[in-house]
Every structure is written in structure tokens, then in C-alpha cells.
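I am opening a notebook on a structure that is new to me. The entries below keep to what I looked up.

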Amino acid sequence: MESTMVTDFKDIKQEQMQEFLHDSIQVPDDLQSNVMVTTLDKVYNWSRKSSMWPLLFGLACCAIEMIATAASRYDLARFGMEVMRPSPRQSDLMIVSGTVTKKMAPAIVRIYNQMAEPRYVLAMGACATGGGPFKEGYSVVSGIDKYIPVDVYVPGCPPTPEALIYGLLKLHEKVERQSITTVPWYRKGASEAIPVPVLGPDIFDPRKVQIIKEQTLGAAAAVKGPAASKARLQPQPMTEDAKARIRAAQAKYRAQKQPA
């Protein structure tokens, strides 16, 4: 189900895209210096990409590289992106920079839902894109794209400021290819919010509760029957042999702790 959800995110993003427009209108030679032909999409997207405000949101070591990118040496002000907002209501771009833990993932999704359309997500670094060196860890999410749609991936551990700038330029190209007629924020009806994942013994999508129940309880019931499945979930009393082994281990531990 997770791979299907990610595919749906990519399909939604792809619906907003169109091929680059080519200039097919011929302007007479005597009017070349006086006439400029463009489209409403071109002007609209140019203004949006030239004033995109990132969300001031860092998680781990990649945030240091993001801060360096905004400093004087690399100067994001060249792209109209020097205003890093602390509020999601005023931001266009979420840069997920750093390790995404399962405890932090619900907060990220909640902040993403608070951002107004149009909104974009850039996954910065190996941890945000696929889990990085902590992929097999019990507390780290294997990619933020399992919970929110990602527009641009910037690889690296951590990526350099040059790599982040290249990713931002690719995002600008993506914005230039969008059309007012297909973007979701100009359609009728409100945009559907992404359900905030639930953090329990493990993190899961609340839309998958029924599937989880069927996989965990239904499989056992199908093999052994409803009565066996219910009995398996009930706590079983410890045997006398197990209790004796525990008492022996406790006595051995106490003996080791006593001073000689």
C-alpha cells in the first residue's frame, strides 16, 4: 500500500505538468523590437518562481548546508528566496533537510497541511529521500515521500550548497511548466488534506487501519479459526519451569553484585 500511495503522489504531480511552450507566432521584422509575445502561464509562473519563500525547517546535519546556502557566499537572494519564513502559512517550499524520525513524521505532515497552495517539497539529503545510513533503523522513516508528495530530490550525505541550488533551479523549471488550467489550487472544491500518520508501537497511516487488522488478525483466523486466533491474543500464564529459571537468574545477578 505504501508504494501505491507514493505512485499516486507522483501521478498527481505529473497531472500539473505540461511540455515547454515553443514560440510558434511569427513577428514581422519591423516589429521585432516593439512586440513581445508570451502567455499568461509564462508570466504567472515567472513571478511565482522568482519569489518563492522556503520554510525555515531543519532536522539534522543537512540543515547546516541549507543555512550555508542562504548565507553570503551562495546568496539565495539571487533567486528571490532569501526570506525563510518560520510560519507554514507564508511559505511556498518545504525543504526537508535531515533525518526524518517516526516521531517527527506526524509533525511534518501536519505542517505540510498548514501550508497554503501552491506548495512544494524538496527532500534534501540521503536521510530525507530514502532513510540514509539509518534506513534499517527502528526509529527512522525510509523516505519522507511515503507521507507527503516530494517534487525534487537532492542526493548526498549531506549535499553541498551547490547541489541544493541545483535542486532549487530544477524546481523552478518544474514551476515554469505548470499551467493555470490544470493546477489543483484553481479547481473547484478544497484540496484534500493528507491524513496525519499515527505514532504508536510503530508509525502507520490511519487510512490503513482496516488493512492492518485484516493482515494481523484475519490471517490467523483463516488458518486456525476464530477461536484459536482469539486465544492466541490472550495472555498466557508462565510455566513453573520458566519461573524457576527466572529466579535462578535473579539469584545469580544478586550474587555477582555483592562485594567480595
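Which residue lies over the face of Tyr112? I found Arg119 there, at 4.3 Å from the ring centre. I note at the start that this is a predicted model.

I then looked up Trp53. Arg85 lies over the face of Trp53, and I noted 4.4 Å from the ring centre. I also looked for aromatic pairs, and the count is zero.

Next I turned to peptide bonds. I found a cis bond joining Glu117 and Pro118, with omega about -5 degrees. Pro118 belongs to the loop between α4 (105-114) and β3 (120-124). I found a cis bond joining Cys157 and Pro158 as well, where omega is about -10 degrees. The loop that holds Pro158 runs between β4 (152-154) and α6 (161-176).

Where does Asp75 lie? I placed Asp75 in the loop between α3 (62-70) and β2 (93-97). Its phi is positive, near 60 degrees, and Asp75 is not a glycine. I wrote a reminder beside this entry: most residues other than glycine have a negative phi, and most peptide bonds are trans. Asp75 is partly exposed, with a relative accessible area of 30%.

Last, I looked at the surface. Which residues form a nonpolar patch there? I listed Leu31, Val35 and Val37, with about 200 Å² of accessible area together. I followed up on Val37, which sits in the loop between α1 (2-15) and α2 (40-49).

Conventions:
Residues numbered from 1 in each chain as written. Predicted model: local features only at pLDDT ≥ 70, side-chain atom pairs only at ≥ 80, totals over all residues. Heavy atoms only, no water. Phe/Tyr/Trp six-rings, centres within 6.5 Å; stacked < 30°, edge-to-face > 60°. Lys NZ or Arg CZ within 6 Å of the ring centre and 35° of its normal. Patch = residues over 30% accessible without salt bridge, like charges linked within 9 Å, V, L, I, M, F, W, Y side chains within 5 Å. Areas by Shrake-Rupley, 256 points an atom, 1.4 Å probe, with all protein chains shown as cover. Salt bridge = Lys/Arg side-chain N within 4 Å of Asp/Glu carboxyl O. Helix = DSSP H or I, 4+ residues; strand = E, 2+ residues; numbered from the N terminus. Buried < 20%, exposed > 50% of the residue type's maximum accessible area, 1.4 Å probe, protein only.
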